[in-house]
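User: I am new to this structure, and I would like to learn how to read its features step by step.

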Amino acid sequence: MYDYITISSLNDFIFCPYSIYLHNVYSGNEEELVHATPQTRGKAAHETIDQKTYSSRKDEIVGMSIYSNELGIAGKIDIYKAQEKLLIERKYKLETIYRGQIYQLWAEYFCMTEMGYEVEKLAFYAISTNKMFPVEIPTEEDKKELADFISKFQDFNLETPIPLNENKCRHCIYSNLCDKTELENVYT
Ligand code: SF4
């Protein structure tokens, strides 16, 4: 049986599967070493959620742990507005919405609905611009796409070849620790 995959790692896996391995190796004691600028901002964006201090409104649920047995995933939501049946994922900055970020929101949606919550609307919220970005509720076809992606993630191992992409490596917080490249990231 597979371990549950964390929802927050879906986007990282699309970016580079090897970064998941490096994250697992260097997280914890070496946290300050690997949290370069973009992730530090992202982390701050989630801090109030993680500490459950974002909202005291009774119709809002923040930072709740979620899971889906069907998809084999687990994580936490940012905000669920019960009255509006709206699920929101906060990002510090959002100029482009990447497929991995969409997968993250879909994953949260499928966890919530499997857990019995009604969700009729999805959105990203960009803190830096105070803007909401609505996202369509996923279809059955979208669910299959997500499930196939999760299967690939589950089947990944370190023998799988990593296609190198110079631009990604230069924007990867792990590049200074990565044995696949000599490139330094743009944050140093
Ligand atoms: S530096 Fe490049 S190969 Fe290494 S984890 Fe980052 S993106 Fe992947």
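User: How much space lies in the second largest pocket?

Analyst: Rolling a probe the size of a water molecule over the atoms shows where empty space is left. In this predicted model, local features need pLDDT of at least 70 and side-chain atom pairs count only at pLDDT 80 or more, while totals for chains, interfaces and linings use all residues. Residues are numbered from 1 along each chain as its sequence is written, and side-chain values use heavy atoms, with hydrogens and water left out. The second largest pocket holds about 220 Å³. Among its 18 lining residues, F15, C16, I162, P163 and C169 are the closest to its centre.

User: Which helix gives the most to the lining of the second largest pocket?

Analyst: That is α2, with 4 residues; α1 (10–15), α2 (17–26) and α7 (166–170) each supply at least two.

User: How many aromatic pairs does the structure hold, and how is one described?

Analyst: A pair of aromatic rings is described by the distance of the centres and the angle of the planes. Rings of Phe, Tyr and Trp (its six-membered ring) pair if their centres lie within 6.5 Å, and planes under 30 degrees apart count as stacked, over 60 as edge-to-face and the rest as tilted. The structure holds 8 such pairs. The ring centres of F13 and F149 are 5.7 Å apart with planes at 70 degrees, so this pair is edge-to-face. It links distant parts of the chain, since F13 lies in helix α1 and F149 in helix α6 (residues 140–155), 136 residues apart.

User: Is F13 buried or exposed?

Analyst: Buried means under 20% relative accessible area, exposed over 50%, and partly exposed in between (1.4 Å probe, protein chains only). F13, at 9% relative accessibility, counts as buried, and F149 counts as buried at 10%.

How values were computed:
1 Å grid on protein atoms, 1.4 Å probe; cavity = no way out; pocket = protein on both sides within 12 Å on 5 of 7 lines; lining within 4 Å. Points joined across faces, edges and corners; volume = space filled by probe spheres on them.
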